[in-house]
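Please look over the sequence and the model first.

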Amino acid sequence: MGLGDRQVALAQFLAEASDAEQVEIARIALLPGGAIQENWGIDANFEGGRLAGQQRLVLRTDALTGVPSSLGRLEEFAVLRAAFSAGVTVPQPLFACDDAAVVGKPFLVMRRVAGSAAGRPITLDPSLEAVRSALAERLGRELARLQTIRPPRADLAFLSPYDGPAGQIAEFRAYLDRHPNPRPVLEWALRWAETHRPDPLPPVLCHRDFRTGNYLLDGIKLSAILDWEFAGWGDPDEDIGWFCCKGWRFGRLDREAGGIADRRHFYRGYEAASGRQLDPERVKFWEVYANIRWAVISMQQSDRYLIGGARSLSTAITGRRATECELELLSLLDPDGAAKQAAHA
Amino acid sequence: MRDLPTSLELLALAHELLRDELVPLLPPERRRDAHLIATAMAIAAREVAGEGWQGEIEQALGDFYGEVGKGDLARFAADLRNGAFETSPSRAAAARAILWRLTIEKLREGNPQFLAANGLSDAGRQGQ
């Protein structure tokens, strides 16, 4: 869909939603990235109303093909609003709309925040060297703030109740059962996860894609945490494990906190803000889980070509990354084997 | 009977042409696509050159199950799901050795840079 064809309806929606007399859209362009969602940058002038003046906005809507388990845009809007109210650094959510007459599918509108989320510049740019530890600590604090959102919440009643990782383990296995190629490493790791489930903690709101590549840096400053489409109730350590998962270190495998710093900086920020000491064994479980989940998501990306027929090299090739996760699973769960392999390398 | 140069040599030359001469001419926003094309070509070249390991894994699975000929990867996966080897440390260790070999060989074709970044560029080529 080209939003350019929908400018009149969109301008009218923005005017009504903000009590403006009129909205003039000066520029509308698809922003880079977003395999699952489309993000459109909008420069608009609001005459009167709550947003009077020039505004830089983002309209977020579904891409042609999504992946299972992502929230709808109205639900994502509710999550974003809850995070914003809790003091998490997110773009201010403004409007949501499910009237197909406006742009053809549901969408949300938020303020456009300056900055770049590209992973490799964040992990590799020498000019960020001095601030990476502080950034990791800040992200730990942000995560703790997010986790102040706990069930029950009437505004988030659409989120499924959380009953531990067993259900997700069963879903991963069901996915593997449907997949034509056996994945013995994933089966082995899932068996470990099934037999090493940690004692439960009270559920919190999890971002479920909290990682380098999903936050914006404006210069050296954290300007926004993005992409809330996978959020849901979950274990407080799930986002910790995902953030530290090797798949999100962007060329700096040695920096275990998102490719930006040692874990202790990230942990310190989290522990100070949450008042909860992290248990390495719990985090290990969730890091194993993260690698299993990322492997399955990678394979689902390739399924968009294999099953869905999407003619995209970028998505088709992503399934290859599942084997990277499998190597990490072997390293995490068989450290003696890892040492033996390294000795032979 | 095929003509020379081989398809692998042609792929290598095409890869060099793309990487060294065409990528620098592209606008920055399309360079990632060109790198993806180069990656896909490199995977294809390594897979064509590296067919032998799959037979070796099947043979290792056959040996693991005490069978003559090829072992079955699906059976192995199902047994791992059920924890079939957990009561025997030696069987569990032998199963893990096959998992390591399988994973390293797949990465040697799919992403050798990742293998090298994990200090495993030549793992499995000796002492296995």
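How many residues of domain 1 of chain A are in contact with domain 2 of chain A? The count is 22 residues of domain 1, which touch 22 residues of domain 2; contact means C-beta atoms, placed from the backbone, within 7 Å.

This is a predicted model: local features need pLDDT of at least 70, side-chain atom pairs count only at pLDDT 80 or more, and totals for chains, interfaces and linings use all residues. Residues are numbered from 1 along each chain as its sequence is written, while chains are lettered from A and ligands numbered from 1 in the order in which they are written.

**Domains**
- Chain A splits into domain 1 (3-111) and domain 2 (119-344); the bounds come from an automatic or database domain assignment.
- Their C-alpha centres lie 27 Å apart.
- Helix α2 (residues 73-85) of chain A gives the largest share of the domain 1 side, seven residues. Helices (H or I, at least four residues) and strands (E, at least two) are DSSP runs, numbered from the N terminus.
- Chain B has domain 1 (7-49) and domain 2 (53-117). Their centres, over C-alpha atoms, are 31 Å apart.

**Strand pair**
- In chain A, β7 (residues 215-218) and β8 (residues 221-225) run antiparallel, joined by four bridges; pairing requires at least two DSSP bridges.
- Tyr215(A) has Ile225(A) as its bridge partner in β8(A).
- Two residues separate the strands of this hairpin. Gly219(A), in the turn, has a positive phi of about 70°.

How values were computed
Contact = placed C-beta atoms within 7 Å.
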